[in-house]
Amino acid sequence: MNPIPLVDLQAAHAEVAEEVRAGFDRVLTSGAYIKGPDVTAFEAEYAAFSGVAHAVGTANGTDAIEMALRALELPPGARVVLPANTFVATAEAVVRAGLYPVLVDVDPDALLIDPARAAEAAADAYLPVHLNGQLAPMEQILELAEGRPVIEDGAQSQGATRHGRPSGSWGLLGATSFYPGKNLGAYGDAGAVVTDSAELASLVREIGDHGSSQKYVHERFGFNSRLDTLQAVVLRAKLRHLPGWNVARRAAAVRYHHLLAGLPGLTLPVTLPGNEHVWHLYAVRVPRGRDEVLGALHAAGIGAGIHYPVPVHLQPAFQYLGHPEGSFPVTERAAREILTLPLHPHLTEDQQTFIAETLAKALARI
């Protein structure tokens, strides 16, 4: 069996190569490298895909979260509640926006923000994270917020829905990343903010264009975070394929469910009722011997991974928050147990069978 990557970017590129090549030729001929028509077109297409009125392209997903937070114009040091089980960029963006990250633990099954824990935290805003391809329990978060702003981190949920509502359409704003490995990935860094508010969309756009809506007039503090036109070409091409790719991801997840069901020493991922999952990641849990199992998979050429081995609160950069080990037990247990298996639209049944067999053998040796 040839090596099996965690994500097969080459296979995805092969499907869109001609569209991307034609788009690049169009941009290079026109010279519209910044704020080109492909950026405008992609923003409209992604807004429609997300079920909102506006999308604003950004240079990356971390900037998208920060810009969404800055657009709310919260007072310095305002407290933003977010789950401890997330990539560091979520908390990083809060700090960069001049706000204070308030970490809370996650539920023990889906590992998403736990509304009960969030209710215990003093908050000025909420930043739920849609992890692994499914939405957080947004109706509970909105009820808890009682009118305080809610911003969605949808970097892992492009195309996912909850009770039929798309990722990014629940909060005042949603932020997403188009990092290459995402369900909708660029050929480099890129991101977007989505919202139904024309006013907030305008503020986000100004912030990402040096605080300016008129050349050489800077109404507010901003910085440079615009979606590159060539990346917009890639994203437009891939967006047309995304619904079909997400269907293929769901089919692969179902195959994993069947292949791995009942395997001793393994816990399968849980989907919250009401969620339509897009399986950005297929994250199983290995309560005993996770690192040994990972090593066995790697030795067999299987590109499994870990998301995330060191929680945010235990990262050196966030020691100042004052959360020692033991502060968020569910998150910390997940960090010790999570094992991410290869999953992408081009994963074959034979590859999944080999992964399942290799995983079973590794678990049997623990």
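The following legends describe close-up views of a predicted model.

View A. Helix α2 comprises 14 residues, 37–50. From its first C-alpha to its last, α2 reaches 20 Å, close to the 20 Å expected at 1.5 Å a residue. D38, V39, F42, E43, Y46, A47 and S50 are the buried residues of this helix. Viewed down the axis of α2, these buried residues fall within an arc of 165°, so they line one face of the helix. The face turned away from the buried side of α2 carries the exposed residues P37, T40 and A48. G51 follows α2 and has a positive phi, near 75°.

**View B. The open sheet β3-β2-β4.** Three strands form an open sheet in the order β3-β2-β4, and the pairing is parallel. Strands β3 (100–104) and β4 (125–126) are the edge strands, each pairing on one side only. Between β2 (residues 79–83) and β4, the parallel pairing extends over 2 bridges. V80 stands opposite A125 in β4.

**View C. P311 in the loop between α9 and α10.** The loop that holds P311 lies between α9 (290–299) and α10 (329–337). P311 has a relative accessible area of 7% and is therefore buried, the limit being under 20%. Leaving aside residues up to four places away in sequence, P311 touches T331, E332 and A335. W279 is 32 residues from P311 along the chain, and the C-alpha atoms of the two residues are separated by 21 Å.

Note on methods: Residues numbered from 1 in each chain as written. Predicted model: local features only at pLDDT ≥ 70, side-chain atom pairs only at ≥ 80, totals over all residues. Heavy atoms only, no water. Helix = DSSP H or I, 4+ residues; strand = E, 2+ residues; numbered from the N terminus. Expected span 1.5 Å × (residues − 1). Buried < 20%, exposed > 50% of the residue type's maximum accessible area, 1.4 Å probe, protein only. Arc of directions from axis to C-beta. Contact = heavy atoms within 4.5 Å. Pairing = 2+ DSSP bridges.
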